[in-house]
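Hello,

Here is the structure we talked about, with the sequence alongside. Have a look, and then read on for what turned up.

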Amino acid sequence: MTGELAIDVTGVTKRFGAKTVVNQVDLQVRRGEIYGFLGPNGSGKTTFIRMLCGLLIPDAGRGTCLGFDVLTQQAEIKRQVGYMTQRFSYYEDLSIRENLDFIARIYAVPDRRAAVDRSLEQLGLANRSHQLAGQLSGGWKQRLALAASLIHTPQLLLLDEPTAGVDPKARREFWDEIHRLAATGLTVLITTHYMDEAERCHRLAYLAYGNLLARGTVAEVVASARLTTWIVRGPELAALADSLRGRPGVEQVVAFGNTLHVSGRDAALLAAAVGAVRDSRHTWTLGQAGLEDVFIGLMDAARDNFA
Amino acid sequence: MPRFTFHRLWAIVLKEFIQMRRDRVTFGMMVGIPLLQLMLFGFAINSDPRHLPTALRLGDQGPYVRTFVAALRQSDYFTVVREAATEAEAAQLLQRGEVQFVINIPEDFTRRLLRGERPTILLEADATDPAATGPAVAAARVLAGNVFDRDLQGPLVALRGRPGPVDLQVHAHYNPENITQYNIVPGLMGVVLTMTMVVITALAITRERERGTMENLLATPVRPAEVMVGKIIPYIIVGYIQVTLILLAARFLFQVPMVGSLPLLYGVAFLFITASLAVGVTFSTLAQNQLQAVQMAFFFFLPSILLSGFMFPFRGMPEWAQWIGSILPLTHFLRIVRGIMLKGSDFADIAPELWPLLLFLAVAMAIGVKRYRQTLD
């Protein structure tokens, strides 16, 4: 089964009125892969995911999801896909067990009681099973949503910003769980804004203004951006940042705590700009561009091209 | 020191206005509901109903009878729509609600009138709704007292005045004691069902959308028909509990008679409950949020209660209002419930009221299913 594609779509396009929300996106995801989907708010990530699981019909494009046609076989796709929405979308006035039981019934899960028990056990929800979902904290709601979207043992898991508003420990546990699931052959497509999460994906894609701008492993994405980054330490970084901005070759000036990251795609032009403001009070080192620098660079470039 | 300031007050006022303007449906309802009430209360409702359909059964065609009939026609209260040949035919017209009154003139009317024997004119009324018949019966009494005055000349002058030349007997069918509860309590069944069924279902799907659970539901293999029917069935059961409660109260609390068939009533209730639920489901596919859904339900409820003949006599309304009333399911259900409970109507008697109900149900269902989308498009 390895190497087989769980998602294989080309030219997928969605328009709402005159606005093109997803534009000619091609995406191939292998089975058992954790695929990260990144991009600024409103870049079309959620819309793209909704097209994959049959909630929206693409205006153009074609392809398959788990071997089923995304244009005509939505019913088959829905049966084998687990979808965790951005906003908690289970019933707050049902208990944890009742929610799981409801979803299990809808999917006609065989041996339903045992499946619900197993799911509660696996996610550590067993002793809370009679608590109303509405009373749960963000982290527990997220666990419930994950348990519910897995109860019918889907082949593909679509997670739309699953860790928004969840504390770091719960996030780490969540990602451990995702890796454990992927190891069993489950394919996971996950959207996120967190760079540390992006780095835990096998491969990723970056979407901005509906266009797919980069994809590959973290190293490939960083390399393909060909971004040069200087890291500056020293006093009065805010004033330094102001004097750097707007100079030719300087595309990003970002403060990271006590350091300043100065980046640009044209290394020579950037070096000239840095040379003009460089003094003995600061230490300048040529560093490795981070994923975040790459994405912000891509977003700025995309705004120039598409927005 | 927390102090009341006008700039903060003004900030809140402005925000409320902006939000009010954004919610177009709510804004529309705020203007629409008063207008609707004004139209209904101002123009449609009339507690002095006139032009009530009347059937004649004339045993005598003499000039005095013609005088009486002509005076009836001119009184505004009675509109002669039929002439019944037999007593059975007249009874059926009343039973089916095709006429409000039957006026019976005996065969030897003229002869007995001239002899001063005070012949009887029998006015049979469908008194299920006492409010509808009261003014007309009063008018008939006045008429019977003085309509013949001009014809009673010479030796017959003595017949004028008290106690009058004829004896008008009023026979109030179905509700001889003119007890208002007989009319209100069966009607209440339809009103309660309309109110709860439409509101509850209107909220049911809107709530899913508002809370975001709809997206989840749509991502599962569940079909639109499954969602719709699945949401309706629990409320059908609730509706039947309401019907049973009202019937028990009618029987033991208000002593309203139950003349007709209980199974028939329960059968028809199914149709009405489903129609009301279909309206609710349709509203919930149109409304953006729960507030709008409630407003739409209210918008439907208002004409239902005012134009159906529940609060005010149906036949007292102008033609346009009767026309709107005839579309509403409650109008037909009221007639059916009153027919079965008070008149003992059988299936054949209520059949003419079933078709509009069925048609309404089909249209409401079709709109609801069409509007319910399986995608978020």
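**Strands, helices and the chain contact**

In chain B, Leu52(B) has Phe78(B) of strand 2 as its bridge partner. A word on the source before going on: this is a predicted model, in which local features need pLDDT of at least 70, side-chain atom pairs count only at pLDDT 80 or more, and totals for chains, interfaces and linings use all residues. Residues are numbered from 1 along each chain as its sequence is written, while chains are lettered from A and ligands numbered from 1 in the order in which they are written.

Strand 1 (residues 52-58) and strand 2 (residues 78-83) of chain B run parallel and are joined by five bridges. (Helices, H or I with at least four residues, and strands, E with at least two, are DSSP runs numbered from the N terminus; two strands pair if DSSP finds at least two bridges between them.) With helix 3 (residues 63-74) of chain B, these two strands make a right-handed β-α-β unit; right-handed here means that, with the strands pointing away from the viewer, the path from the first strand over the helix to the second runs clockwise.

Both strands belong to an open sheet of five strands in chain B, with the order 2-1-3-4-5 and mixed pairing. Strand 2 and strand 5 (167-173) of chain B are at the edges with a single partner strand each, so one side of each has no neighbour in the sheet. On average, neighbouring strands of this sheet are turned by 25° against each other, direction ignored. (Axes are lines fitted to C-alpha atoms, for helices over the stretch in contact, and angles run from 0 to 180 degrees between N-to-C directions.) Strand 3 (residues 101-105) and strand 4 (residues 120-126) of chain B run antiparallel, with four bridges between them; Val102(B) has Glu124(B) of strand 4 as its bridge partner. Helix 6 (residues 130-146) of chain B packs on the sheet and touches strands 1, 2, 3, 4 and 5 of chain B, its direction making about 170° with that of strand 4. Contact means that the C-beta atoms of two residues, placed from the backbone, lie within 7 Å.

Also in chain B, helix 7 (residues 180-210) packs against helix 9 (residues 224-252) at an angle of about 160°, their axes 10 Å apart. That makes the two helices of chain B roughly antiparallel (the word applies to angles over 145 degrees; under 35 is roughly parallel, 65 to 115 roughly perpendicular, and the rest oblique). Among the residues in this contact are Val185(B) and Leu188(B) of helix 7 and Ile232(B) and Tyr235(B) of helix 9. By class, the contact of helix 7 with helix 9 of chain B has 15 nonpolar, four polar and one charged residues. (Ala, Val, Leu, Ile, Met, Phe, Trp, Tyr, Cys and Pro count as nonpolar, Asp, Glu, Lys and Arg as charged, and the others, Gly among them, as polar.)

Chain A has an open sheet of four strands, in the order 12-13-11-14 with antiparallel pairing. Strand 11 (residues 228-233) and strand 14 of chain A pair over five bridges in the antiparallel sense, and Ile231(A) has Thr285(A) of strand 14 as its bridge partner.

Lastly, the two chains touch: 12 residues from chain B and 16 residues from chain A make the contact. On the chain B side, they divide into five nonpolar, five polar and two charged.

Best wishes
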